[in-house]
Amino acid sequence: MRRSLTTQSGTVNGRFCTRYEYDGAEYDVCDSALNAMLVNELFADECLDEADKQRLLSAMLFPDPAAALEKAGRERYWDMVDSVLWNAMGVDLYGTRGAAASEEPVFDWDEDAGRIRASLLQAYGVDWDEAAGAMSYAAFLDLVAGLMESGETPLQQAIYYRTAKCPKETKNNKEYIEAFRAKQRHFALRGERADE
């Protein structure tokens, strides 16, 4: 996902959109942070079949799906969707872009939702509920990344204890080590917790 300082977003048919280019044509894409979260939930939904997901995805991505289909043409439509989906939300529709080196996740959108909300408010004065539909997903990711540099926030603290190595125990730091390990257990993602 790349956004430059000249990228412009606005409202189209009452929905927050950014214009993306594909094969010489421009498409208005509903790329709000909230919509990106919903698109990711759509892909994770195991109850819907692929045809339902395709239909819903088109309606979620474009303020006017019929116009997007007409502009791209039936034979190029899903390639265009793959391109704008990748550029707007980092989602690889066909799974052909090659996975990045798989790293262990350091946060989880659902498990850390409260920490993310609190951190955005603390660091930037941004209320997620007010901003989620009015900022692009890329801008939201920039804010989340900036949380690591903006002083101690709830999300930054959780990530620190999930990634920091415990200092070596000495005869003088036993209480500190116990407290450090307790915080690591407290902040561990569910899948990493030994007690669950």
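## The loop between H4 and H5

Asp112 lies in the loop between H4 and H5; helices (H or I, at least four residues) and strands (E, at least two) are DSSP runs numbered from the N terminus. Asp112 is buried, with a relative accessible area of 0%, where buried means under 20% relative accessible area, exposed over 50%, and partly exposed in between (1.4 Å probe, protein chains only). Setting aside neighbours within four places in sequence, Asp112 contacts Phe107, Leu155, Arg162 and Leu189, a contact being heavy atoms within 4.5 Å.

Glu111 is also placed in the loop between helix H4 (77-89) and helix H5 (113-124). Glu111 is buried, at a relative accessible area of 15%. A polar atom of the Glu111 side chain lies 3.1 Å from the backbone nitrogen of Arg190.

## Basis of the model

This is a predicted model, in which local features need pLDDT of at least 70 and side-chain atom pairs count only at pLDDT 80 or more, whereas totals for chains, interfaces and linings use all residues. Residues are numbered from 1 along each chain as its sequence is written, and side-chain values use heavy atoms, with hydrogens and water left out.

## Overall architecture

The chain has nine helices and three strands, in the sequence pattern β-β-β-α-α-α-α-α-α-α-α-α. Its C-alpha atoms fill a box of roughly 70 × 35 × 25 Å along the principal axes. Of the 196 residues in the chain, 35% are buried.

## The sheet

The three strands form an open sheet in the order S1-S2-S3, with antiparallel pairing; two strands pair if DSSP finds at least two bridges between them. Strand S1 (9-12) and strand S3 (25-29) are the edge strands, each pairing on one side only. The twist averages 45 degrees from one strand to the next, with axes fitted as lines to C-alpha atoms (for helices, over the stretch in contact) and angles running from 0 to 180 degrees between N-to-C directions.

Strand S2 (residues 15-22) pairs with S3 in the antiparallel sense over five bridges. Tyr20 stands opposite Tyr27 in S3. H4 packs on the sheet, touching S2 and S3, and its direction makes about 115 degrees with that of S2.

## Helix H1

In helix H1 (residues 33-44), the buried residues are Ala33, Asn35, Ala36, Met37, Val39 and Leu42. The buried residues of H1 pack against S2, helix H2 (50-61), H4, helix H6 (128-131) and helix H7 (137-146).

Notes
A polar contact is a pair of N or O atoms within 3.5 Å; within protein, one must be able to donate a hydrogen and the other to accept it, and residues adjacent in sequence count only if both atoms are side-chain atoms. The expected span of a helix is 1.5 Å times one less than its number of residues.
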